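Here are a few notes to read alongside the model. Keep the viewer open and find each spot as you go.

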Amino acid sequence: QVFESGGGLAQAGGSLTLSCGTSGSFRAKSAGWFRQAPGKEREFVAAINPVAGNTYYSPSVKDRFTISADTSRIRVHLQMNNLKPEDTAVYYCAVRNELSIASTPPEYDYWGQGTQVTVSS
């Protein structure tokens, strides 16, 4: 089971934080964030190995978004800064039953329901 929180409405240049949890913890799982805008395919945003701390970002969000895990490995967060209208989408947290990070949807085992992020200009 995967569940997300956060999201909402922000102005361009603003910030939002998304959080993701899973059954148990992330001590043996990696996590990723994807997003899907209306009429578009689901696209990769960021991924993390919560134990090693290594991360990977889409070029479109690198230097603006930060994915992290809390020290208890219970939650993974996506801090989104300098938001742009093109960041508007439903954001999904995905969990993978191994620590190596991945960037395509088929590599993930569980998905959250998604949370809406809307950025106004």
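Predicted model: local features only at pLDDT ≥ 70, side-chain atom pairs only at ≥ 80, totals over all residues.

1. Let's begin with a definition: a disulfide is a pair of cysteine sulfur atoms within 2.5 Å.

2. Which hand does the disulfide have? The torsion about the S-S bond of Cys 20 and Cys 93 is about -75 degrees, so it is left-handed.

3. Next, have a look at Phe 26, in the loop between β3 and β4 (30-36). Its relative accessible area is 0%; because buried means under 20%, Phe 26 counts as buried. Its contacts include Cys 20, Pro 50, Ile 74, Val 95 and Leu 99. Asp 87 is another story: Phe 26 and Asp 87 are 61 residues apart in sequence, and their C-alpha atoms are 26 Å apart in space.

4. Now for the charged residues. Side chains of opposite charge can pair when their charged atoms come close. The salt bridge count here comes to four. In one of them, Glu 43 pairs with Arg 35, their closest N and O atoms being 2.6 Å apart. Glu 43 is partly exposed at 34% relative accessible area, while Arg 35 is buried at 5%.

5. Arg 35 also meets Asp 87 in a salt bridge, 2.9 Å from N to O. That one links distant parts of the chain, with Arg 35 in strand β4 and Asp 87 in the loop between β8 (75-80) and β9, 52 residues apart. At 0% relative accessibility, Asp 87 is buried.

6. Arg 64 forms a salt bridge with Asp 87 too, at 2.8 Å between the closest N and O atoms. Arg 64 sits in the loop between β6 (55-57) and β7 (65-69), 23 residues from Asp 87. Through shared partners, salt bridges join Arg 35, Glu 43, Arg 64 and Asp 87 into one network.

7. Last stop: Thr 115, in strand β11 (residues 115-120). Is Thr 115 buried or exposed? Thr 115 is buried, with 12% relative accessible area. A polar atom of its side chain lies 2.9 Å from the backbone oxygen of Gly 6. Among the residues Thr 115 touches are Glu 4, Leu 18 and Tyr 91.

Technical notes:
Residues numbered from 1 in each chain as written. Heavy atoms only, no water. Helix = DSSP H or I, 4+ residues; strand = E, 2+ residues; numbered from the N terminus. Buried < 20%, exposed > 50% of the residue type's maximum accessible area, 1.4 Å probe, protein only. Polar contact = N/O pair within 3.5 Å; in protein donor to acceptor, adjacent residues only side chain to side chain. Contact = heavy atoms within 4.5 Å. Salt bridge = Lys/Arg side-chain N within 4 Å of Asp/Glu carboxyl O. Lists of a residue's contacts leave out its neighbours within four places in sequence.
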